[in-house]
Amino acid sequence: MSRPNDRLQRAFPLLGPRRLESTRSAADLPWSPEHPVRQVLRARRAAGSKPGARDDGFKVGLAVEGGGLRGVVSGAMLTALEDLGYADAFDDVYACSSGAVNGAYFITRRTWFPLSIYFDDLTTGVFLDFRRVLRREGPMNLEYVFEEVLARRKPLDYAGIIAARQRLHIMVTDVDELKTLDVSDFRSPEDLREALQASTWLPLAIKGTTTFRGNRAVDGGVLRFHPFRAAVVDGCTHVLSLSTRPIAPPRTRMSWMNRLVARHLEKMRPGLGVGFLASATEYLTEDRPYLDRSRFHPQDNPAVMDLAPLSDTPEVKRHEVDRGKLLDGARSAYRLTHRVFEGEDALVVPRLTVYPPREETPS
């Protein structure tokens with residue numbers, strides 16, 4: 001008796017990561033092999049530790065950055081963490097934007113789903129079409145994502161997420177109150193879906209605002225650029241941060257796109273654009289340098305380790321729809337995660353998965 005996936009693995013022996021004959025160690029990477037976050041995760045994996053049943057006294061958070069289609073990077077990192085056996089090592093998951101959708105699937109242990117969504121379901125004009133701007137519409141179609149992809153093609157188990165011992169925290173920007181909400185007390189599957197939709201509501205890419213619990217809401221990263229801060233505020237002793245932009249020299253100059261977004265947000269709600277620019281400045285001058293230092297020089301309390309694509313990795317654009325570039329971004333992010341946590345290099349190729357799952361049948 002064998003499952004379809006077992007037969008696929010026998011037919012295609014290179015599916016998923018494979019150890020290279022000539023491996024390179026993690027010593028040449030800009031991460032300390034003795035990093036306390038890496039050590040606690042490896043210790044929990046070795047002990048078979050489970051969320052809600054810990055005995056080490058630590059609270060370990062996983063912070064997942066998004067960034068539109070650039071979320072394929074954090075999605076691949078999550079997939080690698082699950083494949084390598086680290087999924088149960090985290091107590092809480094903190095996420096925003098497309099990273100929130102990635103984190104939601106991670107909670108259900110189905111990370112190959114969101115990864116495939118980027119290059120299978122979001123590379124058509126149904127999802128992203130800039131000609132809609134001529135009709136005074138946003139170019140991005142979130143209704144397609146939530147009503148078709150997450151509901152029918154690759155169903156997200158909302159009830160399972162709510163019931164999980166590993167808590168999901170979704171960052172939502174409350175437009176009316178001018179603040180970031182850390183939402184983890186989901187009242188129903190509909191409430192969770194509404195939070196996810198709000199967190200992925202990208203300014204300019206989607207017209208206007210959505211609604212969350214009666215208030216206007218937009219992308220969770222507007223007033224807090226990176227969700228690692230939520231993990232720190234929530235009392236985590238160790239935080240693994242997943243960033244989607246490649247490592248780069250520090251910069252302080254505000255991009256023209258951020259200034260354009262700020263003007264748009266200020267028209268939406270006075271003070272929102274100002275808050276957005278303040279958050280962007282804080283990220284560039286404080287958060288990013290802190291996360292960069294965290295790879296080799298972590299603070300004791302909390303210990304933070306930021307995982308980000310290497311500097312020579314091409315950046316995946318927020319609105320990237322080239323399937324090849326998305327696959328390349330996913331492949332390099334998976335490979336990097338493997339190298340950092342396993343200490344060796346790996347050849348990474350796309351994995352084939354049969355869906356929907358089937359009962360065992362005679363081979």
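At what angle do the axes of helix H3 and helix H5 cross? In this predicted model, the axes of H3 (residues 71–83) and H5 (residues 112–120) cross at roughly 150 degrees and come within 8 Å. Because angles over 145 degrees count as roughly antiparallel, H3 is roughly antiparallel to H5. The crossing of these two helices, H3 and H5, is left-handed. On the H3 side, the residues involved are Gly71, Val72, Gly75, Ala76, Thr79 and Asp83, which meet Trp112, Leu115 and Tyr118 of H5. Classified by residue type, the contact of H3 with H5 has five nonpolar, three polar and one charged residues.

Arg38, Leu41, Arg42 and Arg45 of H2 make the contact with Val340, Phe341 and Glu342 of H12. By class, three nonpolar and four charged residues take part in the contact of H2 with H12, with no polar residues.

Leu41 of H2 also belongs to the largest nonpolar core, which has 94 residues. Together with Leu62, Leu150, Leu196 and Leu240, Leu41 is among the residues with the most contacts inside this core. When neighbours within four places in sequence are left aside, Leu41 is in contact with Val60, Tyr86, Ala89, Phe90, Leu240 and Phe341. Another core, of twelve residues, lies apart from the largest one and includes Cys96, Met171, Ala230 and Val304.

Conventions:
Residues are numbered from 1 along each chain as its sequence is written. This is a predicted model: local features need pLDDT of at least 70, side-chain atom pairs count only at pLDDT 80 or more; totals for chains, interfaces and linings use all residues. Side-chain values use heavy atoms; hydrogens and water are left out. Axes are lines fitted to C-alpha atoms, for helices over the stretch in contact, and angles run from 0 to 180 degrees between N-to-C directions. Helices (H or I, at least four residues) and strands (E, at least two) are DSSP runs, numbered from the N terminus. Angles under 35 degrees count as roughly parallel, over 145 as roughly antiparallel, 65 to 115 as roughly perpendicular and the rest as oblique. A crossing is left-handed if the near helix is turned anticlockwise from the far one by less than a right angle, and right-handed if clockwise. Contact means heavy atoms within 4.5 Å. Ala, Val, Leu, Ile, Met, Phe, Trp, Tyr, Cys and Pro count as nonpolar, Asp, Glu, Lys and Arg as charged, and the others, Gly among them, as polar. A nonpolar core is a set of buried Ala, Val, Leu, Ile, Met, Phe, Trp, Tyr and Cys residues joined through side-chain atoms within 4.5 Å. Buried means under 20% relative accessible area, exposed over 50%, partly exposed in between (1.4 Å probe, protein chains only).
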